[in-house]
Amino acid sequence: MTETKSEFGKCESFHLNGFYWLQAMKFAIEEINNSSTLLPGVTLGYDIQDTCLKSSIVIQSAISFLMAKDGNRFELKCDYTDYSTRVLAALGPSNSELSKVIARLFSFLLIPQISYAASSNLFNDRTDFPSFYRTVPTDEVQAAAMVSMVKTFQWNWVAVIGTDDMYGRRGIEHFAKLASRTGICIAYEELIPLNLPGSKFQRKMVSVIKNIIYSRVNITAVFADEQYVQILMTIIHEQNVTGKVWIASEAWVTSEAVASSPNISSIGTILGVAIKSGHMPGFECYKSAALALRDLPSVKSQRCGSGGRLLEEECNECQTQSVDEDADSDGKDLERISFNVYAAVYTVAHALHRLLRCDLGNCSKSTIYPWQVSFV
């Protein structure tokens, strides 16, 4: 177990996926800053805060973004039309639970919040979340694809389980609703609480698997993040459950960590749906160079060709981090979300390009406010 520092606290462990997404953001910003056609003469800056996957920290980070551009405090005003915050837009966080925590803060000042992974349909409500946008399909789209898969194979007796968070609850809700419309029977449905201590969590997982066996279903849809699915797969193996079909949600369908679980091949067949990735020419080399410069132990890096660009600054905090030996094999899995980050940066850039009136080779306007970016 290692720690990284956030401006507002400490994070336990090092998450390579977050590191890749950070690189995708920097890669896009550097591309835009070097472009002669998109935002010519304008240099984009950024402030990256580690949420540590904790609501208390993400709130503090969000409040820091709401501070006045040239001050160190949030100003109370009757009219925020001409109020300039530290940032013109915010990207993230990486899941619906954390996004919901801060979405209303950003909506209060109409600061555009663009998530690259928060898929909950809750954010479709433009009354509650007028400045929330995303570059990822919603949970309902994902659930529809999973139900379509079940229907294609003419399976009509299934179970659906998920973690008791926004992702799991919404996923199960949409899956069950859509399944019932197509004549698919949900024989067993369960939410797995995440606030249980280790031993109780394990026992709950065992109970869920036993109920699946008791229900005599061979097809189970699972809505959960990969760290919980890893535990689930271990318990499935320990309970000697074999020959069943598991329908994976996007959060874990191509996870290398899950795929490398001990005896994973014995549990049956895993099918699922995944977001289609886009192409980012040069990103693989850029990412490898970043990993090499930070000298992360046990991470193998590729050598960049003549077209690759190296980062100039090093991260001293990263020198103490550790990642799995084969973490770089997660690349295809992580690149799907990395592209969503990349697309989010370009979304903001094109909005700024229009607001700053940059169509004639230079930008003729100099002052804009966050609310204008939201409604460009």
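Q: Let's start with a strand. What stands opposite Ile219 in S9?
A: That's Val245. S8 and strand S9 (residues 244-248) pair in the parallel sense over four bridges. Two strands count as paired if DSSP finds at least two bridges between them, and the helices (H or I, at least four residues) and strands (E, at least two) are themselves DSSP runs, numbered from the N terminus.

Q: Before I go on, what am I looking at, experiment or prediction?
A: This is a predicted model, where local features need pLDDT of at least 70, side-chain atom pairs count only at pLDDT 80 or more, and totals for chains, interfaces and linings use all residues. Residues are numbered from 1 along each chain as its sequence is written, and side-chain values use heavy atoms, with hydrogens and water left out.

Q: OK, back to S8. Which other strand does S8 pair with in the parallel sense over five bridges?
A: That would be S6. In that pairing, Val222 in S8 is the bridge partner of Ile161.

Q: Is S8 mostly covered or mostly open?
A: Mostly covered: five of its five residues are buried. Buried means under 20% relative accessible area, exposed means over 50%, and partly exposed is in between (1.4 Å probe, protein chains only).

Q: Which way do the residues of S8 point?
A: Ile219, Ala221 and Phe223 point one way, while Thr220 and Val222 point the other way. In a regular strand the side chains alternate between the two faces of the sheet.

Q: Why does Thr220 count as buried?
A: Because its relative accessible area is 1%. Leaving aside neighbours within four places in sequence, Thr220 is in contact (heavy atoms within 4.5 Å) with Ala159, Ile161, Ile212, Val245, Trp246 and Ile247.

Q: What do the buried residues of H5 pack against?
A: Helix H3 (96-108), helix H4 (139-152), strand S6 (157-163), strand S7 (185-192) and strand S8 (219-223). Among the buried residues of H5 are Met166, Tyr167, Ile172 and Phe175.

Q: What comes after H5?
A: Gly183, with a positive phi near 80°.

Q: Which residues other than glycine have a positive phi?
A: Leu110 is one of them, with phi near 55°, and Arg357 has a positive phi of about 55° too. Most residues other than glycine have a negative phi, and most peptide bonds are trans.

Q: Where are those two?
A: Leu110 lies in the loop between H3 and S4 and is partly exposed at 24% relative accessibility. Arg357 is in the loop between H10 and helix H11 (370-374) and is exposed, with a relative accessible area of 51%.

Q: Where is there a cis peptide bond?
A: From Gly92 to Pro93, with omega near -5°. Pro93 lies in the loop between S3 and H3.

Q: S3 has come up now. In what order do the strands of its open sheet run?
A: S3-S4-S5, with parallel pairing. Strand S3 (90-91) and strand S5 (132-134) are the edge strands, each pairing on one side only. H3 lies across S3, S4 and S5.

Q: Last topic, the core. How many residues does the largest nonpolar core have?
A: It has 39, and those with the most contacts inside it are Phe19, Ile32, Leu39 and Leu352. A nonpolar core is a set of buried Ala, Val, Leu, Ile, Met, Phe, Trp, Tyr and Cys residues joined through side-chain atoms within 4.5 Å. Helix H1 (16-33), helix H9 (283-294) and helix H10 (331-355) are the elements that give two or more residues to this core. A second, separate core of 24 residues includes Ile209, Val222, Ile236 and Trp246.

Q: And how much of the whole chain counts as buried?
A: Of its 376 residues, 46%. The chain has eleven helices and ten strands.

Key: Axes are lines fitted to C-alpha atoms, for helices over the stretch in contact, and angles run from 0 to 180 degrees between N-to-C directions.
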